[in-house]
Amino acid sequence: MVLSESAVLFIIPACGVIGIVFAIWLWQRVAQIQVGESASVVRGANGREYLLEEEQRGEQDCVAKAAEIQEAIQEGSISFLTTEYKYMGVFMVIMSIVICTLLSLVTPEDGRTVEDERRNGIFSTIAFLLGALTSCLSGYLGMMIATFANARTALEARKGIAPAFMCAFRSGAVMGFMLSGLGVVTLFVTIVIFKQVYGDDWAGLFEAITGFGLGGSSIALFGRVGGGIYTKAADVGADLVGKIEKDIPEDDPRNPAVIADNVGDNVGDIAGMGADLFGSFAESTCAALVISAVSSLGENHDFVGMCFPILISAVGIIVCMLTTFIATDLKPARVIADIEHTLKMQLIISTSLMTPAAYIIAIYSLPTTFDLTVPGAEPGTPFVVKTVANWHMFVCVAAGLWGGLLIGLQTEYFTSNAYKPVQEVADACRTGAATDIIFGLALGYKSAIAPTMLLCIIIYVANSLAGMYGIACSALGMLGTLATGLAIDAYGPISDNAGGIAEMAGMGEDIRERTDALDAAGNTTAAIGKGFAIGSAALVSLALFGAYITRAKIDLVHASILDPKVFAGLLFGSMLPYWFSAMTMKSVGKAALAMVEEVRRQFNTIAGLMEGTARPDYKRCVEISTAASLSEMIPPGLLVMLTPIIVGTLFGTQALAGCLAGSLVSGVQMAVSMSNTGGAWDNAKKYIEAGNTEHARELGGKGSDCHKAAVIGDTVGDPLKDTSGPSLNILIKLMAVESLVFAPFFYACAGGQGLIFHFFGI
């Protein structure tokens with residue numbers, strides 16, 4: 001170990017600040033693209049000409065229209081997030097009271113005092129609030145960046161693919177580096193401040209820090225579910241009536257739901273995704289810290305060694321910054337065929353550069369060997385000491401890094417229309433929507449095979465070398481290139497919005513073709529981002545599960561599935577992802593029904609709407625999506641938040657252990673298959689629309705029967721890939737971190753046996 005404590009105190013916050021400064025610099029570069037300057041907005045009665053025909057207006061009028069649409073999308077996004085965050089504020093207050101009260105009531109054991117338990121309750125609550133507020137800020141900043149860049153990307157598309165690509169990617173990178181830098185700085189400063197209060201009690205310090213992960217993930221859940229319901233209600237309503245019934249193009253300004261649809265891209269795919277990946281970072285870091293706190297690193301107060309997980313994330317920001325210059329300056333995509341390749345190379349290059357960086361960090365921040373306490377295999381020895389070498393930790397991080405890349409590449413294979421699986425789904429549209437749906441479902445199930453096998457390998461290698469600490473660091477490795485992953489993930493919705501603005505501002509068919517090409521690549525990158533999120537969620541949940549087992553004082557014998565309490569919990573937990581998915585999908589369906597009825601009503605009652613001589617009531621559709629998402633996000637959220645508390649309190653720590661394992665095992669495969677199925681259906685539709693190959697042209701193009709079948713498949717896939725699927729990875733993480741935070745309270749309830757079993761003497 002060469003790094004000094006003072007060096008670590010400088011390096012980690014410096015990397016975070018550099019990431020934030022780099023994000024601001026990228027933002028300034030995007031801001032140089034002018035939108036709406038020196039242009040006046042003409043509000044005429046001949047709506048069709050005003051909305052659609054660029055050739056009948058001057059260039060300034062077209063730019064002004066794009067600025068007006070951008071402003072409407074931004075206003076709708078801010079309005080929704082403001083209202084959603086008010087609901088979340090109430091939740092944060094209630095949850096803070098619950099955390100502080102329950103943890104303060106824990107009976108002291110193992111030399112701890114009542115004052116120690118009260119301090120744990122108070123500082124766990126503070127950490128929870130900090131995590132929640134940072135998650136809210138991450139989502140809000142992401143949304144503001146996306147709504148700032150969408151019209152600029154559309155305007156740049158008039159110059160060609162390269163300017164539009166650079167604008168969208170730079171904007172996505174703003175979000176990636178801002179969120180990564182903010183997360184690293186906030187968490188590290190929190191640890192340093194808490195360290196002054198806890199003194200030598202590092203185990204208590206990092207137990208309290210787990211509240212940070214709980215706060216980040218709980219906000220992410222509501223952000224993903226609420227935003228997902230919003231965006232898919234509008235998307236489904238717009239597609240079913242606009243494309244299928246009225247045979248008008250996507251994002252046609254005559255469609256009343258088009259503004260709500262574009263708002264949804266920002267509050268669901270951007271704000272929700274940003275909060276989700278921030279939660280993954282927070283939880284994986286907290287899991288690694290709480291496990292290492294009871295190792296020789298924590299017992300010997302080795303601050304540099306303890307900071308190894310945060311160093312990985314901090315140095316990853318610098319690696320991703322160097323990689324970003326390749327896509328934004330050195331070799332951007334200049335033709336349509338380059339887009340997916342350029343984005344894929346971002347992942348490959350950042351992973352390649354991060355590998356030697358991880359080795360250097362492991363060698364210079366960790367002692368040559370250190371000891372970890374891991375569960376023992378013999379009944380008489382519940383816990384044993386495992387000696388771990390510093391290079392073992394490099395292997396664990398590298399396994400996560402390259403495992404994540406391979407998961408991303410196989411996700412691309414199953415969701416990109418450049419490859420056979422999606423082309424087969426598109427070809428199945430020849431015989432209607434039914435065969436399209438059958439092929440899409442089969443694709444999703446099949447796509448879960450490789451990620452599951454890769455996760456199995458990563459888990460075995462990491463656990464063999466460094467126990468649950470190795471698994472947590474593998475998750476951090478998978479998120480080591482978080483800034484790049486966020487950049488290519490945010491790029492997709494920005495490009496999607498740009499296409500909508502180009503259509504509504506009447507920029508011409510050639511511009512729409514360019515934005516559609518950017519968007520098609522964005523669908524694939526979004527699926528890749530979800531693959532990373534799901535894979536890291538599986539590893540994080542398992543690491544948190546291991547920490548929970550230790551903190552709840554459960555040995556391997558009592559965690560066996562042969563124990564009836566554990567097995568009952570396992571079955572119940574494996575059912576939860578299905579229950580949760582049923583709730584979220586039905587919520588989208590109910591909201592979509594209301595949206596379809598409203599869009600039909602406007603087409604039937606507003607004279608001249610189809611002809612383009614009247615303007616639709618966009619505001620009403622925005623109101624429907626907002627009301628539906630805010631009301632429907634509460635029941636699924638309560639299911640996830642209350643299940644660990646009820647099971648742990650009433651049925652004991654063993655039943656809860658089984659519940660966590662069950663939700664993890666079934667949730668991962670469901671999340672992968674849902675996300676990839678929806679992504680494949682979406683790109684099969686775009687494959688038919690683009691008509692770039694002889695096979696695609698044979699399918700008929702836009703307006704054909706094949707296209708209508710593909711639109712139905714895409715509509716079915718919308719809640720799978722953007723609501724239920726992405727939310728499942730938060731479910732398995734959130735339940736695990738919540739169980740870890742409340743583990744002392746659950747153990748205090750009748751010695752961990754559960755109040756019901758204790759009452760009946762079972």
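**Close-ups of a predicted model**

**Figure 1. The whole chain and its surface.** The C-alpha trace stretches about 80 × 55 × 45 Å along its principal axes. A compact globule of 762 residues would come out near 27 Å in radius of gyration, so the 25 Å of this chain agrees with that.

**Figure 2. Inside the fold.** The secondary structure comes to 23 helices and two strands. Some 65% of the 762 residues count as buried. Take contacts between residues at least 6 apart in sequence, and 84% of them link residues at least 24 apart. As for charge, the chain has 46 positive and 69 negative ones, with mean positions 2 Å apart.

**Figure 3. Thr-231 in helix H6.** Helix H6 covers residues 202-245, and Thr-231 sits in it. Thr-231 counts as buried because its relative accessibility is 0%. Setting aside neighbours within four places in sequence, Thr-231 touches Asp-261, Gly-264 and Asp-265.

**Figure 4. Two cysteines without a disulfide.** You'll find zero disulfides in this structure. For Cys-100, the closest cysteine sulfur belongs to Cys-749 and is 17 Å away, so it is too far for a bond. Cys-100 is partly exposed, at 25% relative accessible area. Cys-320 has its closest cysteine sulfur in Cys-15, and at 11 Å that is also too far for a bond. With a relative accessible area of 0%, Cys-320 is buried.

Note on methods
Residues numbered from 1 in each chain as written. Predicted model: local features only at pLDDT ≥ 70, side-chain atom pairs only at ≥ 80, totals over all residues. Heavy atoms only, no water. Disulfide = S-S within 2.5 Å. Buried < 20%, exposed > 50% of the residue type's maximum accessible area, 1.4 Å probe, protein only. Helix = DSSP H or I, 4+ residues; strand = E, 2+ residues; numbered from the N terminus. Contact = heavy atoms within 4.5 Å. Rg over C-alpha atoms; globule rule 2.2 N^0.38 Å. Lys, Arg positive; Asp, Glu negative; His and termini not counted. Charge placed at Lys NZ, Arg CZ, Asp CG, Glu CD.
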